[in-house]
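Please keep the sequence and the model in view while reading.

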Amino acid sequence: MNISQLETLVTISKTMSFRKAGELLNLTQPAVSAQIKSLEDEFNTVLVDRNQPVTLTDRGEVFLDHTVRILSIVEELKQRLSDLNDTPQGHIVLGTTTSIAIQILPRVLSYFQDQFPLIKTTIQSMASCQVYNSVVNGQIDVGIGYLIERNPNLITSVLYYDTFELVVTPKHPLSRNPVASIEALHNLPLILLTGDTVGRKFVDEIFKKHKITPNVIMELSSSEEIKRMVELNLGAGIISKLSVSRELRLGTLKIIPLFELEVTHPVGVIYKSGRYLNSAMQQFLSDLKGMPETQFISSE
């Protein structure tokens, strides 16, 4: 048994195809088949059901569970050996929302990568609630999102605070009002985030508290999508204040203050408690936590 064989089994479990696994691993299909056959012979069992689509047998699933753990240990070993070098290096998989990835991370990562060019960063966009699960499951190394829960398996640290605001185009009737009342939301065509997002759950609580049945004409998965629809004057939106900083400067969107929305929401870094932190992770977390709040909330 060797590491290459184990990596091949994991790839087959994901692609459900010997051909696709070979393409990802830069192996021929016969080479992929030979690696799996060698594993099966060594352990005297059938790991893969070769009918289409290819799936793992029950014993293959048990084997896969241990394989993932073995590969994780090997990766940690590589990182520990790499960390013996003086220069921080490694790979960080970062998960965050689309808005944070667009509005916040460029300023942070441009500084970080200038200082530490040997550290590679991969960014995955997802909802804040998915960030937590992805950190726990080991799918990402670090998350940046709204701090919505306490989990004993996770460490969190606040980076800055955000609010959700009612936004409209300057052509919208509400744009003439210096402020809005909660009653203005009755029958107002709204473009909102989907129900699994922090912003939507917050807004839904306000609707419920004030007995408002919202006129939701559109649900979208990110603030970026909502901004484009609001700019077309298709409705009013309720989204992160920081996500509209550019549009406010350009004058394409306008915030209409609504007292009931003025609640601050902490945004922070999330990572797994007790996990080994390679030199890249240690440096990234140290720099991130050490940045002043203005680094994140600056409108420039």
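What share of the contacts in the chain with a separation of 6 or more comes from residues 24 or more positions apart? Such residues account for 72% of those contacts, where contact means heavy atoms within 4.5 Å.

The model is predicted, and local features are described at pLDDT of at least 70, side-chain atom pairs at pLDDT 80 or more, while totals for chains, interfaces and linings use all residues. Residues are numbered from 1 along each chain as its sequence is written, and side-chain values use heavy atoms, with hydrogens and water left out.

**Overall make-up**

The chain has twelve helices and twelve strands, taken as DSSP runs (helices H or I with at least four residues, strands E with at least two) and numbered from the N terminus. Its C-alpha trace spans about 75 × 50 × 35 Å along the principal axes. Of its 300 residues, 45% count as buried; buried means under 20% relative accessible area, exposed means over 50%, and partly exposed lies in between, with a 1.4 Å probe and protein chains only.

Helix α2 covers residues 18–25, and its buried residues are F18, A21 and G22. Seen down the axis of α2, these buried residues fall within an arc of 100°, so they line one face of the helix; the arc is that of the directions from the helix axis to the C-beta atoms. As a general point, an α-helix has 3.6 residues a turn, so residues three or four places apart point the same way. The buried residues of α2 pack against α1 (3–15), α3 (29–43) and β1 (48–49), whereas E23 and L24, on the other side of α2, are exposed.

Leaving aside its neighbours within four places in sequence, S17 is in contact with I12 and V54. After α2 comes N26, whose phi is positive, near 60°.

**Salt bridges**

The structure holds eleven salt bridges, each being a side-chain nitrogen of Lys or Arg within 4 Å of a carboxyl oxygen of Asp or Glu.

| Pair | Distance |
|---|---|
| R200 and E219 | 2.7 Å |
| E247 and K227 | 3.1 Å |
| E247 and R228 | 2.8 Å |

The salt bridge between R200 and E219 links distant parts of the chain, with R200 in helix α8 (residues 198–209) and E219 in strand β9 (residues 215–220), 19 residues apart. R200 is buried at 10% relative accessible area, while E219 counts as partly exposed at 44% relative accessibility.

The salt bridge between E247 and K227 also links distant parts of the chain: E247 is in helix α10 (residues 245–250) and K227 in helix α9 (residues 223–231), 20 residues apart. Both partners are buried, E247 with a relative accessible area of 3% and K227 with one of 1%. E247 forms a further salt bridge with R228; because E247 lies in helix α10 and R228 in helix α9, that pair ties together parts that are 19 residues apart in sequence. R228 counts as partly exposed, at 33% relative accessibility. Salt bridges that share partners join E224, K227, R228, E231 and E247 into one network.

**The five-stranded sheet**

An open sheet of five strands has the order β4-β3-β5-β12-β6, with mixed pairing. β4 (119–125) and β6 (154–162) stand at the edges with a single partner strand each, so one side of each is left without a neighbour in the sheet. Neighbouring strands of this sheet are turned by 20° against each other on average, direction ignored.

β6 and strand β12 (residues 265–272) pair in the antiparallel sense over eight bridges, where pairing requires that DSSP finds at least two bridges between two strands. Y161 stands opposite P266 in β12. Helix α7 (residues 128–136) lies across β3 (90–96), β5 (142–146), β6 and β12, running at about 155° to β5; axes here are lines fitted to C-alpha atoms, for helices over the stretch in contact, and angles run from 0 to 180 degrees between N-to-C directions.
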